[in-house]
Amino acid sequence: MTQKILEVVQTTILKEKPDPSTLEFGKHFSDHMFMMDYTSEEGWHQPRVVPYQSLTLEPAAMVFHYGQTVFEGLKAYRSSNGDIRLFRPEENFKRLNQSCDRLSIPKVNEEAMLEYLKEFVKLDKDWIPKEKGMSLYIRPFIISTEATLDVSPSRAYTLMIILSPVGSFYKGGIDPVSIFVENEYTRAAPGGTGNAKTAGNYSGAYKAQERASSHKKDQVLWLDGVEKKYVEEVGSMNVFFKINDEIHTPALNGSILEGITRKSVIELLESEGMSVCERSISIDEVIAANENGSLQEMFGTGTAAVISPVGRLEYKGRDYEINNGKMGETASWLHETLVGIQTGALDDPFGWSIEV
Ligand code: COI
């Protein structure tokens with residue numbers, strides 16, 4: 001599809017762009033937003049781009065009451081020669097539909113969404129920061145809008161995409177983060193919504209995050225919801241361990257988010273002849289491997305977080321330093337390679353980076 005496929009109402013008031021040196025994650029938004037509506041009579045219809053603006057919704061809109069909503073996160077990058085690139089965007093629309101399925105939200109047409117997104121990003125391309133380590137974070141999301149307190153799937157939805165120029169997700173940039181291993185609260189349980197990108201998975205984590213912050217830790221590491229024994233994920237990142245020169249990551253089990261960066265890291269490592277062992281990893285094994293020196297690295301992966309080394313871990317009141325609190329060589333190589341592919345600075349033998 002090359003013809004214009006979107007109705008575009010351009011803003012007449014262009015906003016001032018933020019100073020890139022002061023960018024915080026998700027605080028600024030571009031000039032426009034994408035919208036598309038769903039009704040049971042018409043299906044998904046009227047894809048359009050309008051000036052970024054507030055919404056008018058009835059207080060009874062179902063999203064406010066029962067949280068029937070899903071979202072995605074991906075990024076647009078500007079390469080050194082000025083091209084605009086998206087990283088594996090088709091995977092995001094595929095996962096959006098998986099989340100829709102879990103939350104009983106009608107699915108979208110993935111191919112059409114990709115074309116709309118390209119056209120939308122092109123319109124607001126001046127919002128893609130040119131500076132190293134920066135990008136335009138893309139947040140597609142769907143909310144249930146039917147005005148009723150009935151507890152059943154909504155019959156009306158709005159899909160929106162907003163764009164936010166971002167630098168690092170963590171304040172310390174690529175510096176190793178510290179992690180609090182949560183063994184009281186649960187993020188997700190078998191059969192729940194853990195592998196869907198839906199609001200409740202994140203707001204349900206705030207209480208544990210408060211405790212992690214009070215222990216001066218950046219993030220929470222979640223354990224499985226049944227035995228509180230096996231490592232699952234960090235909420236904003238999947239996790240990897242390098243033990244005795246081998247890479248291990250928790251196997252996808254329905255309660256772990258199926259990260260696109262996770263998948264890319266596995267494929268990248270495998271393309272270099274390193275196998276990645278996807279399996280159940282107990283927290284006791286991680287602590288023991290750290291104690292006996294076989295845990296060489298721990299790092300997280302995510303769209304927002306990219307590759308984030310973990311330098312410190314707190315579990316049951318004890319603090320453990322990992323790899324002397326430093327970024328390891330595997331995390332460092334992965335970061336450089338992934339960002340290189342994303343920004344077009346390195347060859348992309350996988351065809352992941354799509355020019356808009
Ligand atoms: C992302 O990495 O895109 C996410 O959705 C995580 C979010 C909590 C920032």
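Me: Where does Asn324 sit?
Reply: Asn324 is in the loop between S16 and H8. Those labels are DSSP runs numbered from the N terminus, with helices being H or I of at least four residues and strands E of at least two. This is a predicted model, where local features need pLDDT of at least 70, side-chain atom pairs count only at pLDDT 80 or more, and totals for chains, interfaces and linings use all residues. Residues are numbered from 1 along each chain as its sequence is written.

Me: Ok, and what's the phi of Asn324?
Reply: Near 55°, a positive value in a residue other than glycine. Most residues other than glycine have a negative phi.

Me: Is Asn324 buried or exposed?
Reply: Exposed, as Asn324 has 8 other C-beta atoms within 10 Å. The cut-offs, with C-beta atoms placed from the backbone, are 20 or more other C-beta atoms within 10 Å for buried, 12 or fewer for exposed, and partly exposed in between.

Me: What about Lys316, where is that one?
Reply: Lys316 is in the loop between strand S15 (306-315) and strand S16 (318-321). Its phi is positive, about 50°, although Lys316 is not a glycine. Lys316 is exposed, with 8 other C-beta atoms within 10 Å.

Me: Switching to helices. At what angle do H6 and H8 pack?
Reply: About 105°, with the axes of H6 (residues 260-271) and H8 (residues 329-342) 11 Å apart. Axes here are lines fitted to C-alpha atoms, for helices over the stretch in contact, and angles run from 0 to 180 degrees between N-to-C directions. H6 and H8 are therefore roughly perpendicular to each other; angles of 65 to 115 degrees count as that, under 35 as roughly parallel, over 145 as roughly antiparallel and the rest as oblique.

Me: Which residues meet there?
Reply: Ser264, Val265 and Leu268 from H6 meet Leu334, Thr337 and Leu338 from H8. Contact means C-beta atoms, placed from the backbone, within 7 Å. By class, that contact has 4 nonpolar, 2 polar and no charged residues. Ala, Val, Leu, Ile, Met, Phe, Trp, Tyr, Cys and Pro count as nonpolar, Asp, Glu, Lys and Arg as charged, and the others, Gly among them, as polar.

Me: And what surrounds the ligand?
Reply: Gly73, Tyr202, Ser236, Gly302, Thr303 and Ala304 surround the ligand, each with its C-beta atom, placed from the backbone, within 6 Å of it. This shell has 2 nonpolar, 4 polar and no charged residues.

Me: Which residues of H3 are buried?
Reply: Met113, Tyr116, Leu117, Lys118, Phe120 and Val121. Their cover includes strand S2 (32-39), strand S5 (74-78) and helix H2 (89-102).

Me: Is Glu182 buried or exposed?
Reply: Glu182 is buried, with 24 other C-beta atoms within 10 Å. This residue is in strand S9 (residues 177-182). Leaving out residues up to four places away in sequence, Glu182 touches Ala208, Val220, Leu221, Trp222 and Leu223.

Me: Last one, what does Pro165 touch?
Reply: Not counting residues up to four places away in sequence, Pro165 touches Pro18, Leu23, His28, Trp127, Pro129, Met134 and Leu136. Pro165 lies in strand S8 and counts as buried, with 24 C-beta neighbours inside 10 Å. Pro165 and Pro20 are 145 residues apart along the chain, and their C-alpha atoms are separated by 8.4 Å.

Notes
Contact = placed C-beta atoms within 7 Å.
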